[in-house]
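Dear colleague,

My notes on what was found in it follow directly below.

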Amino acid sequence: MAELPNMKMNKNEMPTQDPKVRAHNFEEVALGYDEAVAIDEAKRCLNCVNMPCVSGCPVKVRIPEFIAKIKEGDFEGAYQVISETSSLPAVCGRVCPQETQCESKCVRGIKGEPVGIGRLERFVADFHNAHDGKKEKVPKSNGHKVAVVGSGPSGLTCAGDLARKGYKVTVFEALHKAGGVLVYGIPEFRLPKSIVQKEIDKLESMGVKIETNIVIGKTLTIDELFESGFEAVFVGSGAGLPRFMGIKGEGLNGVYSANEFLTRANLMKSYKTDATTPVMKGGKVAVVGGGNVAMDAARTALRLGAEKVYIVYRRSMEELPARKEEVEHAIEEGVEFKLLNNPVEVLGYNNPNDKRDPKNGFVRAIRCIKMELGEPDEQGRRRPVEVQGSEFELEVDSVIMSIGTSPNPLIKATTRGLDTNKWGGIIVEENTGKTSKEGVYAGGDAVTGAATVISAMGAGKVAADAIDKYLTSK
Amino acid sequence: MFEILEKRFLNDTVCEMQINAPLVAKKAEPGQFIILRTDEDGERIPLTIAGFDRKKGTVKIIFQVVGSTTEILKHKNVGDCLQDFVGPLGNATETEGVKNVCVVGGGVGCAIAMPVAEKFAKDKANVTSVIGFRNKDLVILEDEFKKASKELVVMTDDGSYGRQGNVCVPLEEMLASGKKFDKIFAIGPLIMMKFVVETAKKYNVPCMVSMNPIMIDGTGMCGGCRLSVDGQMKFACVDGPDFDGYKVDFDEMMSRNRMYADFERHKYEETCNLYKKEVK
Ligand SMILES: Cc1cc2nc3c(=O)[nH]c(=O)nc-3n(C[C@H](O)[C@H](O)[C@H](O)COP(=O)(O)OP(=O)(O)OC[C@H]3O[C@@H](n4cnc5c(N)ncnc54)[C@H](O)[C@@H]3O)c2cc1C
Ligand code: FES
């Protein structure tokens, strides 16, 4: 007789660091389930025959199957099920927007909360990493060479899958450290860098070569990669250039793109007291935007000692695109949400009596206008419209623009025959990641624009399969 | 790792190094730059490529000690390695179609101006060079400029070498006396470039400048290197580093380059103290 499911309405709570404490440190916020809680949560799964949750997962992790293993206490078995379809479970369990993916389809969510699938995934991956002493096997080489451009989730996944099939893979990364957004964007307190490093170490132990400090399009071109013996190339170069609003005052000191602010804090470790790379710390900070990137910037500013952090977003709470958990955490930590507001100008100091006043040229405030939600747009989101005469000034010392990205033209400009769409995204065949150029595949943010870790990973997987087919049939 | 193959001081604070970086050397063109880190956990700083030897696989950098990272770099010796060295970044200087050019260099900016002057000369342009320094002790690369130029004017602020005055003085004289340039190319401190542009404007001669803002990645990812050109936002690392000087907002750029002045001064002192202690 099968055991009866656990019919508690709510998920087991995720233990977290106290908001008051964590708002001042960079250690991980969510602490993870222990074995007993994981088993209890797993028992909330009804093991539905038609597996609706799987349809919500971009890489189709066999969710009820891995949860069933947890119920049995076979955590390593659960890991094996996940790792058949997902190559970065410790990462995805932490950063996937589960509430709009797998968990949104969970039957338990109709009455009460869905099963905590993300939390269980994280538990399983952490268990595996803590107990697995085995070295990855070096797969038998098939003698074919593939190059991967960019070491974000799409590139790492593609490299890993190809290496497992026996390809000799080299990953070329422009920065001095591999990991893409996982190392320079997403902060330590949400995704410890040691977890990302572990995934990269795994790849290297399988024989994947990682060449940092190589900018494809500058140091080497894609055509040169082919000339030097690579038979296929995967481009996973990420979302590209940060966008600014185009309003007055964006050149003032204290205005950052979220990419710059987070890169200084994460990759360059400016949060450490002995850091060699500076970043503005303390004071009042306005973060413009409402996505995960904005939440990360706001919470990082707080941890760097800001006395006040605002999220300035032109729509309302419902439309915030960030993961729900991040918004909740930000609120708990004391980030203030200035919703239905849009900046129209950044204002700077300019002391007319003293040209040498060191504050000259620095941000003093941001002028905003109130917004209200009007008619829905094509995607059904209500369009924000300005409320005439509602402008006001918000005193701040720095402004972090987190309003999206536009594609980097570098690779397109140096690669003959690689087509991009009118926004500059690389055009690919959906089911293969194949581009207009023979032997070149692409995926992740470079194709879709800023999206998610899991979709980038999925694209890397699809391309790895397609590259394998292409090279074996050649 | 990127080994230092040669090192020499051009004056008390300006140092030249040859770095083993074959992939960068293979692609480098005058006007482009590299980004380096001296050590793990070091800062990323951009330096212009002052020369390259494709056969030997070496890249020449020339830097002035102005802060913590350049102080650390100065203490590296032949045989030591740099942690990271990435490039060539940015766009090469456009030299095509120019017959008469005036290259104006100021201080350590001459390290960037020199390969540009050489490239113009190689492309068969008549090169006039004007280089300026604070005083005699700081003069660098005079011989190299002499080789690349039909005419060379050396200026010092205090008159201890060459003529006394700033670089705009001879430039203005030449332009006023009817000397024709298709283009002026200015590289040096922002304030110098600003005045060279103003002089050029008076005589309607196009003037290019090379910008050297604070950078991190150098690939367009962070936007930290942005500047206003004709009211439009540009990223120096991908759109530049050369821009039409008429259109650059120099005042904004000068202010932006002061953003971390306090931090940098502190860090520099810290680093200097560290080295002093080691010596004792
Ligand atoms: C701050 C922040 C928070 C986020 N939070 C979440 C989240 O919670 N959940 C979620 O699912 N998603 C999140 N995202 C989005 C997610 O990180 C991205 O969608 C994902 O990383 C895209 O992966 P990618 O492989 O396409 O590119 P990236 O991760 O961007 O990696 C691209 C890599 O390519 C390198 N590169 C670029 N050009 C070149 C070149 N010419 N030559 C060599 N190398 C090059 C880059 O340096 C970079 O390392 C977040 C993004 C940011 C910035
Ligand atoms: S240095 Fe980061 S965009 Fe130019």
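In this predicted model, the side chains of Arg8(B) and Glu144(B) meet in a salt bridge, with N and O 4.0 Å apart. Across the interface of domain 1 and domain 2 of chain B, the rule finds one salt bridge, and the count of residue pairs in polar contact between these two domains, with both residues at pLDDT 80 or more, is likewise one. On the side of domain 1 of chain B that touches domain 2 of chain B, strand 4 (45–53) and strand 5 (58–64) of chain B each supply at least two residues, and strand 5 of chain B gives the most, with four residues. Sorted by class, that side of domain 1 of chain B has seven nonpolar, four polar and three charged residues.

As for the domains themselves, chain B is divided into domain 1, which covers 2–89, and domain 2, which covers 100–210. The contact between them takes 14 residues from domain 1 of chain B and 13 residues from domain 2 of chain B, while the C-alpha centres of the two domains lie 24 Å apart. The area buried between domain 1 and domain 2 of chain B is about 1,000 Å², and carbon and sulfur atoms give 68% of it. Within domain 1 of chain B, the residues that lose the most area to domain 2 of chain B are Asn11(B), Pro30(B) and Ile62(B), which together make up 38% of what that side buries.

Turning to the contact between the chains, 37 residues of chain B are in contact with 41 residues of chain A. The two chains bury about 3,300 Å² between them, with 56% of that area on carbon and sulfur atoms. On the side of chain B, Met221(B), Met259(B) and Tyr260(B) supply 19% of the area buried against chain A, which is more than any other three residues. Two salt bridges are counted between chain B and chain A, and Asp41(B) forms a salt bridge with Lys269(A), where the closest N and O atoms are 3.1 Å apart. The rule also finds 21 residue pairs in polar contact across the interface of chain B and chain A, both residues being at pLDDT 80 or more.

The elements that give two or more residues to the side of chain B that touches chain A are helix 1 (22–27), strand 7 (84–89), strand 15 (232–235), helix 8 (250–257) and helix 9 (261–279) of chain B. Strand 7 of chain B gives the most to this side, with six residues. By class, the side of chain B that touches chain A has 15 nonpolar, 11 polar and 11 charged residues.

Chain A has its own domain assignment, which gives domain 1 (19–131), domain 2 (145–240 + 406–473) and domain 3 (244–403). The C-alpha centres of domain 1 and domain 3 of chain A lie 32 Å apart, and 14 residues of domain 1 of chain A are in contact with 13 residues of domain 3 of chain A. The area buried between domain 1 and domain 3 of chain A is about 1,100 Å², of which carbon and sulfur atoms give 51%. Arg22(A), Ala23(A) and Phe26(A) supply 48% of the area that domain 1 of chain A buries against domain 3 of chain A, more than any other three residues.

Between domain 1 and domain 3 of chain A the count is three salt bridges, and the side chains of Arg22(A) and Glu332(A) meet in a salt bridge at 2.8 Å, N to O. Nine residue pairs in polar contact, both residues at pLDDT 80 or more, are found across this interface of domain 1 and domain 3 of chain A. Helix 1 (19–22) and helix 6 (89–95) of chain A are the elements that give two or more residues to the side of domain 1 of chain A that touches domain 3 of chain A.

Finally, the ligand. Of the 35 residues around ligand 1, those that come nearest are Val95(A), Ser154(A), Glu173(A), Ile216(A) and Asp445(A). A polar side-chain atom of Glu173(A) lies 2.6 Å from an oxygen atom of ligand 1. The backbone takes part as well: a polar backbone atom of Val453(A) is 2.9 Å from an oxygen atom of ligand 1, and a backbone N or O atom of Thr452(A) lies 3.3 Å from an oxygen atom of ligand 1.

With best wishes

Note on methods: Residues are numbered from 1 along each chain as its sequence is written. Chains are lettered from A and ligands numbered from 1 in the order in which they are written. This is a predicted model: local features need pLDDT of at least 70, side-chain atom pairs count only at pLDDT 80 or more; totals for chains, interfaces and linings use all residues. Side-chain values use heavy atoms; hydrogens and water are left out. Domain bounds come from an automatic or database domain assignment. Contact means heavy atoms within 4.5 Å. Buried area is the accessible area (1.4 Å probe) that two parts lose on being put together, summed over both. A polar contact is a pair of N or O atoms within 3.5 Å; within protein, one must be able to donate a hydrogen and the other to accept it, and residues adjacent in sequence count only if both atoms are side-chain atoms. Ala, Val, Leu, Ile, Met, Phe, Trp, Tyr, Cys and Pro count as nonpolar, Asp, Glu, Lys and Arg as charged, and the others, Gly among them, as polar. A residue is near a molecule or strand if one of its heavy atoms lies within 4 Å of it.
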